[in-house]
Structures are given as C-alpha cells and as structure tokens.
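Subject: Structure handover

Hello,

Here is the structure I promised to pass on. Please open it first, then read my notes below.

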Amino acid sequence: MEIGGVENEGLIRFDWDEEIGYPGAMLVTNYNHSSKFFLKSITLHIPYWGNIHFNCNSWIQPKNYVHHRIFFLNKAYLPDQTPRVLQKYREDELVKMRGDGKQKRQSWENIYDYDVYNDISDPDSNSTNNRPILGGSREYPYPRRGRTGRPRSRKDDRYETEPFIEDIYVPSDERFSDLKESDFVFHQVKSAYRFMKGDQFGWRTDEEFAREMLAGANPMIIRRLQEFPPTSKLDPNVYGDQTSKITKEHIINSLDGLTVDQAIAKNKLYILDHHDLVIPYLKRINATSRKTYATRTVLFLKQDGTLKPLAVELSLPHPQGYELGAISRTLLPHQVKVGEALWQLAKAYVSVNDSGHHQLVSHWLNTHAVIEPFVIATNRQLSVLHPIHKLLVPHFRYTMKINSLARANLINANGIVEKTQYPSKYSMEMSLFAYRSWNFTQQALPADLIQRGVAIEDSSAPHGLRLLIADYPYAVDGLDIWAAIKTWVLEYCSLYYENDEMIRNDQELQSWWKEVRERGHEDKKDEPWWPRMESFEELINSCTIIIWISSALHAAVNFGQYPYGGFLPNRPSLSKRFLPEEGTSEYLELQSDPEKVFMKTITSELPEVDILNISTIQFLSTHSQDESYLGERSDPYWTFDQEALNAFERFKKRLAEIEIMIAERNQNFTLKNRVGRPMSMAYTLLLPTSKDGITMRGIPNSISI
C-alpha cells in the first residue's frame, strides 16, 4: 500500500478453513475514519495453494464514506465462464461503477459517467468567458468527458459552474498516486539544457524547416500532393473558391528538370496544408490582437531523401465575404536581403499554424479527448475480470485526471492555450472543426499513412507498407511499434476467444462497444466506419488502435514539445503582425532590421505570455518518477494466466529489439531526416524506455501528462 507517497508492505496472519475453498474475491474495509490509502495489491499465501494474488490499484476510502471495496482474483474470465459464486459480485460491481447519473459526484466515489464539455467556460463569472458547449449538438460535435455533476450556472443552466482545481471530480481510482501528485505540483526541471544544438542558425534553414514535418513535434500532417493546384474540401457555397493560387510557374524551376505533372506521377510533391482548418476562423482570429494567415506549403522530395520547400501560400478570407473565396499571396525561397526576410516570416506563419494544429488537434483532440470515452466505457461495461479490461486498463492510467486538470487550466476560457496559441478564444472550436472529420479506424498508423498518400500497400515491404518517403522517422519507428503492439494484442486475445461467435456472444464486450459509440462518441454514432465488433479481426484492430493512441501516438506528439518549441523562433505559437507590405514603414523596418521585425511578429504583446508558453511545454515534456512505459506493468502479477505472461514477455523483448534498431538508425548519417543535420537532433521520440525528466524519448503506457 502507499501512504503519503511511501510504499509500505504489511504482513497479516489469519486462520483459514479449507471448507472456504479457493478464494475468488476479497472485501477490504478502511476503519481509519480520517484518511484514505492507496492499495496496490494483496497476496495470500495459503498452504497447498501457494500464493494467490489480487490486483487492487485503488484508493481505499474510510468506512464512513465507502463501506468496503471488492477485489477479484487476478484471473481473467469471459462473462459466461465466470465461476457461479462470483457472477453476482461481478455484475453488482459494474452497476456501482455506473452510478445513477444524478447528483454531484463526491471525491470518495468511484463512479464513471458521461457529460458534454460544458465546463470550460462559466457564464456567471464574466461575459467574455462565454464559449460554446462542445458535444451534444449537430453544430458542435465532440467526444464526451467524465461527468462531475457540479452545480449549474445561474445565467445559463446548460453550463456547469467553473471548478476550483482541487474540486474537479474524477473517479477515485483515476486520481494521482501521492508520488505522481508530488511530481505534478512540485516538479522542478533539473536542467535548462536546450535541445536545439548544432549550428546556432540551423533552425532557420529550409532543411530543418522541412525535416521537422517528418521528425518533429507534429510529423503526422504532411501528405503527398496528388493534384495541382492544391484544392480545398470546404463547402464552396459557404467559402467560395478556396483552390490554391500557387501556380506551376512558381515551382517549375525547382523540380530537378521535371514538369509538375511528372513530379506528381513520380511521387515527388508533398504538402503541409493547414488552409481548411484555419480559414473558417481566420476573420474572427484576426479581429483579436492576433494576426495570421491560413498556410499551404508545397515541398519537393529530393534524390537524397530530404524535402525542399518550394512555395508557401499565405491566405486571408476575402474582405467582402467568405463566399468570395480567399485572397492569397505566394512566397518563394530567397537567400538575399528583404526576400530572405519575407521568406523567413512566411515559414514562421507556417510554424504558427502547425503549432496550433499540433496542440489543439494532433495532441489534445486526437489523443486526450478521443480516448476519455474509452476509459469511461471500459470501467462501466467491462468487469475487472474481463480479459479486455486487463489488456486496456494500464493504457488509461491518470488520463481522466490529466484531462480534468486540462479543462480547469489549459483549454478553459482564458486558459493557457487561449493565451499562448494563435486561435485565442476560438481554440477549442477549431479542435471541434477537426473532430467532424475524425475517423476511429483512420487512427491506425498504417491506415493514416495510406490515407495521407505517404505509403502504399506492398506485401514485400516491412509491415506490408512501402513508404514513399523512405527516410520518414516517425513512420519508420512508428510502424515497428505498431506491429509489436498488434502482435501482442493478437496473441493475448487469442487466449480467450477461439472464434468470431465468442466475440458476438460476449455481452460485456458488446455493451462496451455499443456504449463507446452511442454515448462516448455519441455525436458520431451513425458513422459507417465504426467496426461492428463481430469478428476477432475487429477486436484486434480496435484494441491495437486504442493502445497505439494512448501510448506511442501521445508520446510522439507530447515529449518533443520543449525540445522543438522551447526555442521560440523555431516553433512560434502565435503571430501578431501581418507580412509587411512594400511602401509601408513596416517594410522599411524589415529592410533595415529583419531580425527585429521577425521577433516582433512572433512574440506576444506581454513577455509573460511567452514565458508561460515555454514553461508549460517544458512541464508537459517531462516524465514523472512513477511513469510506467510500454512493455511494463506496475504489478508483475497482473494476471494469473501464464500464457498471457509469456506473450507479454515476448512483447517486452520485441520492444527492446526495436529500441536497438532505432539507436542504430540514428547512427546512420545517410538518413538525413533522422539524424537532423544541421541541428544534430536525432529522432528519439519513439524509443520505448526513458528515465524521468525531459529526455525527448520514452513511450508511457498511458496519457498521463
């Protein structure tokens, strides 16, 4: 057990009557009326039977709050295989976990339920704090969060009142351990070491600008350009013609002798396209103190495997109405005088767009927000005895708690995200816009790579995919990790399901999947892409996606934030000035002092906002002391089933092999995207293990920061 951050092991002797039989569950009561404790596990040693293990990993509340907790033997049973004596306890415990959907939830309760995002602004506090409720409507679809039942706003009872940080309910088993709490509150960064090393001006190069699209903090946006000029998916009836104004003449002289059509046919053209996400909000964003553009960046794949930026398009909505399309300006690489200064600013606007997309979509929405419904549904519908519960629950550790703190501090009205990211008070609405096109099956790494056109199916290639950019560090390392996870999931699940009929007849599993779709992601419940959960293949793919999102995908988008963004000029998160127009005083200033103009453009009006941004990503990039990494379990006796333990050991061994492979790749200096010249920053974010602190490596099991 853990008390005050210190683990204690207790020894209790007791009389045992053989007539009791083999123990299948244990009731635990805390008779200390003033304090709770965290119970990790219980091991019974009984003659003839040896050690019998009970996984707990739960806070035990005082008896006057919770009479007792029940913990089951660490053996997995499908519902219809549960020993008869345990069946009622199994069913009753799930009923308790669901609660009644009423009243304010109390800190000692362990109840999981759903609600919309109606708690990130409070109409009672200030009219400037009003933000739309996310989720529950056709206009504002969003994943669900954990229900707290806090009192409603006096001015608008659709909203919950804004919480005090310490008053945010999460189920008691989702709360931090004392050690994690200590790290979270008091953690001091051990070193101000700047990861961006090598050539001190290397960050300014086109090579580094392009490399970070493949091996940076947000390497899952770039796609292959398959038609020219680039087009838009925005509704032309609302937004007019949003087709790119980049012409063939802009890029023809930079294609190594190819025509544009030939370059497309040879898979040589790529695009970083933030246009469609930004344009719908750009008028409102630019009406604040922020001033920016919607960007498209076209790149060429060179013979050495690196990408060369060819053009950056900066677009604004037509001043006379969205239906008239966009006003766009195309900038090309320049190496001298004011042309170079304009090009550096153009790349900065791209980085601003990419930073916002990274925080709001790639990071918050596509990992934190979309996984919380799975956490809730798993605890409501899958008994702790269920093998799929045992498979998934390590990948949910601390996620609800972290998300609740984000709603109070980061993504709330006037919170850190709104202060430090360019969309300002429209930040969460932009993540909602992205959720409209979110597709669960496309979160599988192979499906994502194929959908973006950067890989094609090829049975002769590793993992059945051939990358069209061979030196794509995120994809290369990610596919190895993905395959290892999928193999582990397949081997584990095959121990419990012999055929598809067993999947269809598993009532807990079916209830779980139905609730994920119809309540957790209710606003997308009618999408045709949802797996039906009627086959073994669907179970394997779905569980692999859930584990991938919770572990490797989150690691890839989270732990590079400070290494890449801690040096603000490399990855600015906002801009407050438009590109200087020729003939203006701003243009004259750009000619005389381009560095000054650059910094005035990408820094906040208040220096403390930039400090807040850097200190936040510094903290978010830090591993805690009690982190549990992919291939690890906090309890070595997490299951009684030896075959499952053997499969897990194979998984752990494979991850160790992958770590060696990644380290060897990072010593191959012909892989220029991976090694990071001129910045000397090898791609390490998907190395499975890490120590605590800021390490730019390590894949935690769960979204725990």
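A helix axis here is a line fitted to C-alpha atoms over the stretch in contact, and the angle between two axes is taken between their N-to-C directions, from 0 to 180 degrees. Keep in mind that this is a predicted model.

Start with α8 and α20. Helix α8 covers residues 337-381, and helix α20 covers residues 594-602. Their axes come within 10 Å and cross at roughly 15°. Angles under 35 degrees count as roughly parallel, so α8 and α20 are roughly parallel to each other. The crossing is right-handed. On the α8 side, the residues that meet α20 are Ala341, Gln344, Leu345, Ala348 and Tyr349. Pro594, Val597, Phe598, Thr601 and Ile602 face them from α20. Eight residues of this contact are nonpolar, two are polar and none is charged.

Next, α1. This helix spans residues 84-98. The axes of α1 and α8 come within 7 Å and cross at roughly 140°. That makes α1 oblique to α8. Leu94, Met97 and Arg98 in α1 meet Asn379, Arg380 and Gln381 in α8. This contact has two nonpolar, two polar and two charged residues.

Now the cores. The largest nonpolar core holds 156 residues, and Ile388 and Trp512 have the most contacts inside it. Helix α8 gives this core its largest share, 21 residues. What does tryptophan 512 touch, beyond its neighbours within four places in sequence? Its contacts include Phe374, Leu382, Ile388, Met533 and Ile546. A second, separate core has 15 residues, among them Phe228, Ile246, Leu258 and Ala311.

Best wishes

Conventions. Residues are numbered from 1 along each chain as its sequence is written. This is a predicted model: local features need pLDDT of at least 70, side-chain atom pairs count only at pLDDT 80 or more; totals for chains, interfaces and linings use all residues. Side-chain values use heavy atoms; hydrogens and water are left out. Helices (H or I, at least four residues) and strands (E, at least two) are DSSP runs, numbered from the N terminus. Angles under 35 degrees count as roughly parallel, over 145 as roughly antiparallel, 65 to 115 as roughly perpendicular and the rest as oblique. A crossing is left-handed if the near helix is turned anticlockwise from the far one by less than a right angle, and right-handed if clockwise. Contact means heavy atoms within 4.5 Å. Ala, Val, Leu, Ile, Met, Phe, Trp, Tyr, Cys and Pro count as nonpolar, Asp, Glu, Lys and Arg as charged, and the others, Gly among them, as polar. A nonpolar core is a set of buried Ala, Val, Leu, Ile, Met, Phe, Trp, Tyr and Cys residues joined through side-chain atoms within 4.5 Å. Buried means under 20% relative accessible area, exposed over 50%, partly exposed in between (1.4 Å probe, protein chains only).
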